[in-house]
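Here is a short report on one protein model. Please keep the sequence and the 3D view open while reading.

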Amino acid sequence: MGKKILAVDDSSTVRQMVSFTLVSAGYEVIEARDGQDAMSKLANPVALGMVLTDLNMPNLDGIGLIRQLRAHAAFKYVPIVVLTTESEAEKKQAARAAGATAWIVKPFRPEQLLAVIQKVLG
C-alpha cells in the first residue's frame, strides 16, 4: 500500500470519489465526515502522508481542523490540501495562515487531484 491520506468532507459522494481516485492510484485512504470525526480517527497514532480537507463542514470546519492538526507534533509537518468549492482570496489566505499546503477547487478532475498529491508528496 502507498501512503495514508486522510480525506475529510461532509459529502459522502465527494469522499467516495476522492477515495476511489486515491485507492486506484495505490494510496490508502481514511475517510472522515468532518473535522471532529477526523480528529477522533487520529486519536490513536496514525502515520499520515497527507490530509485532504473541505472548508465548510459541521462540528469542526476545515480551518479549525488545520489549526488542530498543526498544534499536534505528529501532524505539524504533514501536508494539508484544501479541497473546496470556495475560491475567494480571503478564504485561501485564512487556510494558508492556519497551515494549509495547497488548494484545489471543486469540482475537480481525478487526474488534477492526483497531480497535486504527487507534487505535494514529492
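## The cavity and its surroundings

The model is a predicted one. It holds one cavity of 30 Å³ or more.

Which residues line the largest cavity? They are Ala 7, Val 8, Asp 9, Val 14, Arg 15, Val 18, Leu 52, Thr 53, Asp 54 and Leu 83. Sorted by class, the lining has six nonpolar residues, one polar residue and three charged residues.

Strand E1, helix H1 and strand E3 each give two or more residues to this lining. H1 supplies the largest share, with three residues. The table gives the residue ranges of these elements.

| Element | Residues |
|---|---|
| strand E1 | residues 4–8 |
| helix H1 | residues 12–24 |
| strand E3 | residues 50–53 |

## Helix H3

Now turn to helix H3, which covers residues 62–71. Seven of its ten residues are buried, so the rest of the structure largely encloses this helix. Buried here means under 20% relative accessible area. Which residues of H3 are buried? They are Gly 62, Ile 63, Gly 64, Leu 65, Ile 66, Leu 69 and Arg 70.

What covers the buried residues of H3? The cover includes three elements given with their ranges: helix H2 (35–41), strand E4 (80–84) and helix H4 (89–98). E1 and E3 are also part of the cover. Both of these strands give two or more residues to the lining of the largest cavity as well.

Look next at the start of H3. There, a side-chain oxygen of Asp 61 reaches to within 3.4 Å of the backbone nitrogen of Ile 63. Ile 63 is itself one of the buried residues of the helix.

## The whole protein

Step back to the overall fold. The protein has five helices and five strands. From the N terminus on, its elements run β-α-β-α-β-α-β-α-β-α. The radius of gyration is 13 Å, close to the 14 Å that the globule rule gives for 122 residues, so the protein is as compact as a globular protein of that length.

The C-alpha trace spans about 35 × 30 × 30 Å along its principal axes. Buried residues make up 50% of the 122 residues. What share of contacts between residues at least 6 apart in sequence joins residues at least 24 apart? The share is 62%.

Key:
Residues are numbered from 1 along each chain as its sequence is written. This is a predicted model: local features need pLDDT of at least 70, side-chain atom pairs count only at pLDDT 80 or more; totals for chains, interfaces and linings use all residues. Side-chain values use heavy atoms; hydrogens and water are left out. On a 1 Å grid over the protein atoms alone, a cavity is a set of points where a 1.4 Å probe fits but cannot get out, and a pocket is an open set with protein on both sides within 12 Å along at least five of seven lines; lining residues have an atom within 4 Å of a point. Grid points are joined across faces, edges and corners, and a volume is the space filled by probe spheres set on the points. Helices (H or I, at least four residues) and strands (E, at least two) are DSSP runs, numbered from the N terminus. Ala, Val, Leu, Ile, Met, Phe, Trp, Tyr, Cys and Pro count as nonpolar, Asp, Glu, Lys and Arg as charged, and the others, Gly among them, as polar. Buried means under 20% relative accessible area, exposed over 50%, partly exposed in between (1.4 Å probe, protein chains only). Contact means heavy atoms within 4.5 Å. A polar contact is a pair of N or O atoms within 3.5 Å; within protein, one must be able to donate a hydrogen and the other to accept it, and residues adjacent in sequence count only if both atoms are side-chain atoms. The radius of gyration is taken over C-alpha atoms; the globule rule is 2.2 Å times the number of residues to the power 0.38.
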